Amino acid sequence: MKILYRIFVGLTIILLSLGLYFGYMLKPSQEQKKRIIAQREKANVTEIPRVNAFDGDNPLHILVLGIDRTKTTELDKDDNPSRTDTMMLFTIDPVGKSAQLLSIPRDSYVYVPGHGMTKINHAFAYGEYPLTKKTVEQFLDIDIDFYAIVDYDAVRELTTTVGGVEVYMPVDYKYSDPSVIPPLEIDFHKGYHLVEGDDAVRFLRIRKAFDDQDIGRIGQQQKFLMSLLKKMKRPGMILKLPQLIDIVQNYVDTDLTYGQIADLAYFGLSMDLNNIHTEVLQGGGKRIGEQDYWMVDKWMARKLIKDFLKTSRENVNKGEENENYDIKTNDDGYKESYDDVNRNNKGEENGI
């Protein structure tokens with residue numbers, strides 16, 4: 001069974017960095033690790049060096065990739081050909097203090113330089129991140145500033161560390177897949193669940209419960225992410241910061257530097273979760289030859305990003321920008337965050 005859930009690892013890591021005071025270098029050097037330890041001991045926010053991650057008032061584009069190299073009964077994890085099973089563009093507007101999370105379905109039919117029209121997730125198999133970056137930039141007509149490539153094990157660690165995430169399952173669902181190692185067993189009844197560790201991974205792997213399968217799963221995963229982020233922004237989570245940062249260091253590969261993460265962390269305190277907008281690249285399924293593709297319109301995809309930025313800037317001009325750096329929390333944040341996503345995905349029911 002192919003895996004889409006890794007996107008949530010990457011998005012959670014990036015947004016966690018935006019939402020907490022302390023920013024630490026991902027994949028740090030030995031010298032940087034010493035500084036990290038010293039900073040943890042001092043626990044003094046003002047001593048953390050910051051480097052502006054933004055280029056003036058220009059929006060920031062971060063490409064988050066989830067790589068599928070799952071161990072199966074036929075292939076070892078290291079032998080599985082690498083490809084991006086999940087992909088999302090994270091756009092941050094420093095002026096409007098808002099962000100857009102645009103999910104790009106893995107089967108999107110696009111032009112991959114040097115390889116012609118094919119699935120967008122093939123770009124990583126052909127040329128790893130450099131070709132993936134070039135493909136997405138040409139497709140969306142943007143310049144990608146940073147990337148994050150994630151390991152799915154972070155889902156287990158992260159959800160366990162925060163004490164679980166509340167999710168909603170719209171139907172009863174059972175599934176088994178003996179081809180993956182260890183064998184996959186999924187069993188969820190309709191209703192709310194508090195999931196962590198392996199249960200969180202199982203929930204995010206659910207696909208066939210939805211009529212539109214992969215697209216439906218992306219929608220569920222976006223809700224999961226908003227629920228997780230709402231919980232992470234509760235004040236008590238700051239006490240678990242060292243564990244959360246260790247997870248980042250162990251499972252994320254990125255070109256964001258120590259100072260840039262620190263700067264984004266401070267910036268993130270000005271963001272309200274209502275200003276994080278989720279989108280899915282819309283299209284339709286089509287079979288070409290022996291392959292199934294997700295047919296997308298690049299002009300509409302580009303319009304989604306431009307419209308988001310236009311609206312974000314217009315809200316500033318109307319005086320709707322958020323200049324309050326206090327994080328607003330709500331113990332019933334799960335249901336609130338699900339409602340927020342549903343307002344973005346009109347007409348979608350989640351049982352609330």
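This is a predicted model: local features need pLDDT of at least 70, side-chain atom pairs count only at pLDDT 80 or more; totals for chains, interfaces and linings use all residues.
Colleague: What does the secondary structure of the protein come to?

Modeller: 10 helices and 14 strands. Those are DSSP runs numbered from the N terminus: helices are H or I with at least four residues, strands are E with at least two.

Colleague: What makes Phe188 and Phe203 an aromatic pair, and is it stacked or edge-to-face?

Modeller: Rings of Phe, Tyr and Trp (its six-membered ring) pair if their centres lie within 6.5 Å; planes under 30 degrees apart are stacked, over 60 edge-to-face, and the rest tilted. Searching the whole structure gives six aromatic pairs. For Phe188 and Phe203 the centres are 5.8 Å apart and the planes are at 75°, so the pair is edge-to-face. Phe188 belongs to strand β9 (residues 184–188) and Phe203 to helix α5 (residues 198–204), 15 residues apart, so the pair links distant parts of the chain. Together with Phe224, Phe188 and Phe203 form one aromatic cluster.

Colleague: Why is Ala301 called buried?

Modeller: Buried means under 20% relative accessible area, exposed over 50%, and partly exposed is in between (1.4 Å probe, protein chains only). Ala301 has 0%, so it is buried. Ala301 lies in helix α9 (residues 298–317). Leaving aside neighbours within four places in sequence, Ala301 is in contact (heavy atoms within 4.5 Å) with Phe139, Leu140 and Leu281. Ala301 and Ile104 are 197 residues apart in sequence but 9.4 Å apart in space, C-alpha to C-alpha.

Colleague: And Glu128, is that buried or exposed?

Modeller: Glu128 has a relative accessible area of 52%, so it counts as exposed. This residue of helix α3 (residues 122–140) has a phi near 50°, a positive value in a residue other than glycine. Asp141, in the loop between α3 and β6 (146–150), also has a positive phi, near 60°. Most residues other than glycine have a negative phi.

Colleague: What makes the link between Gln222 and Ser103 a polar contact?

Modeller: A polar contact is a pair of N or O atoms within 3.5 Å; within protein, one must be able to donate a hydrogen and the other to accept it, and residues adjacent in sequence count only if both atoms are side-chain atoms. The side chains of Gln222 and Ser103 are joined at 3.0 Å, so the contact qualifies. Gln222 lies in helix α6 and, at 2% relative accessibility, counts as buried.

Colleague: Why is the charge of Lys119 said to sit over the ring of Tyr293?

Modeller: NZ of Lys or CZ of Arg must be within 6 Å of the ring centre and within 35 degrees of the ring normal. The charged end of Lys119 is 5.8 Å from the centre of the Tyr293 ring. Likewise, Arg302 lies over the face of Trp299, at 4.7 Å from the ring centre.

Methods. Residues are numbered from 1 along each chain as its sequence is written. Side-chain values use heavy atoms; hydrogens and water are left out.
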